[in-house]
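Thanks for coming, everyone. I'd like to walk you through one structure. Please take a look at it first.

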Amino acid sequence: MTKTPLLVGLTHRLPASIEAKLAARHDLRLPAVEGARSGPDVRTLLATTDVLVCTVADPIGAADIPDAPRTRLIANYGVGVNHIDLDAARAHGILVTNTPGVLTDATAELAITLMLMVARRASEGERELRAGKWTGWAPTHLPGVALTGRTLGIVGMGRIGSETARRAACGLGMKIQYHSRSAVPAERLAGFQATQVTDLDQLVQAVDVLSLHCPLTPETHHLIDGRRLALMQPHALLINTARGAVIDEPALAAALARGQLAGCGLDVYEQEPAVHPGLLGSERAVLLPHMGSATIEARTAMGELVLENIAAWERGERPRNTVN
């Protein structure tokens, strides 16, 4: 007897090679248009597909899950799953998986990119040049700061945090301090020196650059708030490639406006795709559109993990990347 193929629904288009493999193995339902999906679209997919492949741009709360969903697997294309109500999914018999590990290098590279862009005022320079306002080389024109020898503070020494630290230490000669609630395996610290700081306030006060790599949880929501921003040194830089809500954005915008810190580099935002107007208007802010994993290699590898998770589940196994 021929086995009925799974009906797999996508909320967003994926790399062509991944879509081709999904289409060859399953009955694939593609989104009518590209772009962030809304609640009703997700609810429809949960009611009409066996597997839902979603992204961080697709919030799935308890109210979005039908009382009798057809979907039995949510294969998240990404690592973070704070946009999915895991308890509600479990209560409705839905397994949730993610794609950890494969976007570590890409996101660490982007964190370093943001540090360099902020420190060397690269965005300011490009805007000036494109606007036709550059009048030529001058000794006092857009002086930035060197990162070599500066102290980098890492909040969350997981895979991405530790790889960011490694690149900063070995490539830029930065000194590393870190704060992590979980024990850090020795192999993550191999090849460079790093000092653990158990008090986050102490870390925030001590470093020249603070880079955030912690997951978004109720405990880390607005972890960097107005009080902690006030603890940072006036020349310090703040980098966020984790989740937008780890920072209190209005407090950050106010701190930048007051000159309370020298600048920030952000790839994630609390109300994506909306960005706080105070950040949009700040010359001290480098803003990127959530592109931490945006390399061909990482996005393809993420898709391969989605395929692996679906295949394991279809065989009746528990996928190794199950999160609920």
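Start with I154: its bridge partner in β7 is Y178. Keep in mind that this is a predicted model. That pair belongs to two strands, β6, residues 151–155, and β7, residues 175–179. They run parallel, and five bridges join them.

Now the whole sheet. What is the order of the seven strands? It reads β8-β7-β6-β9-β10-β11-β12. The sheet is open, and the pairing is parallel. In general, strands of a sheet pair through backbone hydrogen bonds, either parallel or antiparallel.

Which strands stand at the edges? They are β8, 194–196, and β12, 285–287. Each has a single partner strand, so one side of each is left without a neighbour in the sheet. From one strand to the next, the twist averages 15 degrees.

Next, the helices on this sheet. Helix α4, residues 104–119, packs on it and touches β6, β9, β10, β11 and β12. The direction of α4 makes about 150 degrees with that of β10. Helix α9, residues 249–258, packs on the sheet too. Its contacts are β10, β11 and β12, and its direction makes about 145 degrees with that of β11.

Last stop: a pocket. The second largest pocket has a volume of about 300 Å³. How many residues line it? The lining has 22, and V118, A119, R121, L237 and A262 lie nearest the centre. Helix α4 comes back here: α4 and α5, 122–130, each supply at least two residues of this lining. By class, the lining has twelve nonpolar, four polar and six charged residues.

Definitions and conventions. Residues numbered from 1 in each chain as written. Predicted model: local features only at pLDDT ≥ 70, side-chain atom pairs only at ≥ 80, totals over all residues. Heavy atoms only, no water. Pairing = 2+ DSSP bridges. Helix = DSSP H or I, 4+ residues; strand = E, 2+ residues; numbered from the N terminus. Axes fitted to C-alpha atoms, helices over the stretch in contact; angles between N-to-C directions. Contact = heavy atoms within 4.5 Å. 1 Å grid on protein atoms, 1.4 Å probe; cavity = no way out; pocket = protein on both sides within 12 Å on 5 of 7 lines; lining within 4 Å. Points joined across faces, edges and corners; volume = space filled by probe spheres on them. Nonpolar A, V, L, I, M, F, W, Y, C, P; charged D, E, K, R; others polar.
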